[in-house]
Each structure stands twice: as structure tokens, then as C-alpha cells.
Amino acid sequence: MEFPLKNIIFIAFLGSMMIPAQVTVLPLSTAPLASLAVLALVNSWNDCFTPHIFVITPANDTVSLGIRKYAADIYTNLGLAASVSAIAPILLLYIFCQRSFVQSIASSGIKG
């Protein structure tokens, strides 16, 4: 079968078949992946048990582990102030990524 532009159409068809599925799905999954990244960061930020096991020197303590040690030694008001200061970066991250959270909930189809 012969017609004009046969080779160009064939090459375009083969090229579109060789696009991986990850490339076609990626635009639809950016909001859920951003939400997952933020939640993973919050989980590791608030982790207190793992650093307690693996960190040897007090200079390398994480924020949550430092607050735990600080609150046990000093008055309660200073421990609460340290807790609020530790929440501030996560709160700012949520404020900046709020659009991503809303988009991921809207694209998931959950109604309620």
C-alpha cells in the first residue's frame, strides 16, 4: 500500500507506542505525589523513636528528640514553647502545599 507521508505516519505511530506509561500518568499523579511527600516529611519530622536508637551524640539530635529531652529537664512552659517552634516549619509547609492537598482530594473522587 503506497500513499504520501506513509513513512512519517508510521514513525509517529511507533514513537507514540514507545512512550512509557509513567510519562502519560505523571501529570495526573503530581498532586497525590506532592501530598505523599509532605506526609512523609511530617512523619519523619515527628519521629522520636528511630533517632533515639541510632543517634549517639547529643549534637546530632533531631528536633523532636531535643524537645523530649528539654521538656523532661526544664519547666513545662518552655517545653510547650519549644513544641510550638517545632511545629512552625510543618505548618508553613502545609500552608504552601494546601493547593496540592485540595487537588489530590478532588481528583481522588472521595465525596463527603
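Me: What does the accessible surface of the protein chain come to, and what percentage belongs to carbon and sulfur atoms?

Reply: Accessible areas come from the Shrake-Rupley method with a 1.4 Å probe, and for residues only the protein chains shown count as cover. Here the accessible surface is about 9,100 Å², with 72% belonging to carbon and sulfur atoms. This is a predicted model, in which local features need pLDDT of at least 70 and side-chain atom pairs count only at pLDDT 80 or more, whereas totals for chains, interfaces and linings use all residues. Residues are numbered from 1 along each chain as its sequence is written, and side-chain values use heavy atoms, with hydrogens and water left out.

Me: How many helices and strands does the protein chain have?

Reply: Helices (H or I, at least four residues) and strands (E, at least two) are DSSP runs, numbered from the N terminus. The protein chain has 7 helices and 0 strands, giving the pattern α-α-α-α-α-α-α along the sequence.

Me: What percentage of the residues count as buried?

Reply: Buried means under 20% relative accessible area, exposed over 50%, and partly exposed in between (1.4 Å probe, protein chains only). Of the 112 residues, 13% are buried. As for contacts (heavy atoms within 4.5 Å), 40% of those with a separation of 6 or more join residues 24 or more positions apart.

Me: Which residues of H3 are buried, and why do they line one face of the helix?

Reply: An α-helix has 3.6 residues a turn, so residues three or four places apart point the same way. In H3 the buried residues are Ala31, Ser35 and Val38. Seen down the helix axis, they fall within an arc of 65°, so they line one face of H3; the arc is that of the directions from the helix axis to the C-beta atoms. The face turned away from this buried side carries the exposed residues Leu36 and Asn43.

Me: Which residues make the nonpolar surface patch?

Reply: Patches consist of residues with over 30% relative accessible area and no salt bridge; like charges are joined within 9 Å, and nonpolar side chains (Val, Leu, Ile, Met, Phe, Trp, Tyr) within 5 Å. A salt bridge is a side-chain nitrogen of Lys or Arg within 4 Å of a carboxyl oxygen of Asp or Glu. Ile87, Leu91, Leu92, Tyr94, Ile95 and Phe96 make a patch of about 650 Å². Ile95 belongs to helix H6 (residues 76-96) and is partly exposed, at 48% relative accessible area.

Me: Where does Ser83 lie, and how many residues separate it in sequence from Ser64?

Reply: Ser83 is in helix H6 and is partly exposed, at 27% relative accessible area. Ser83 and Ser64 are 19 residues apart in sequence and 8.2 Å apart in space, C-alpha to C-alpha.

Me: What is the phi of Leu5?

Reply: Most residues other than glycine have a negative phi. Leu5, although not a glycine, has a positive phi of about 65°. Leu5 lies in the segment before helix H1 (6-17) and counts as exposed at 57% relative accessibility.
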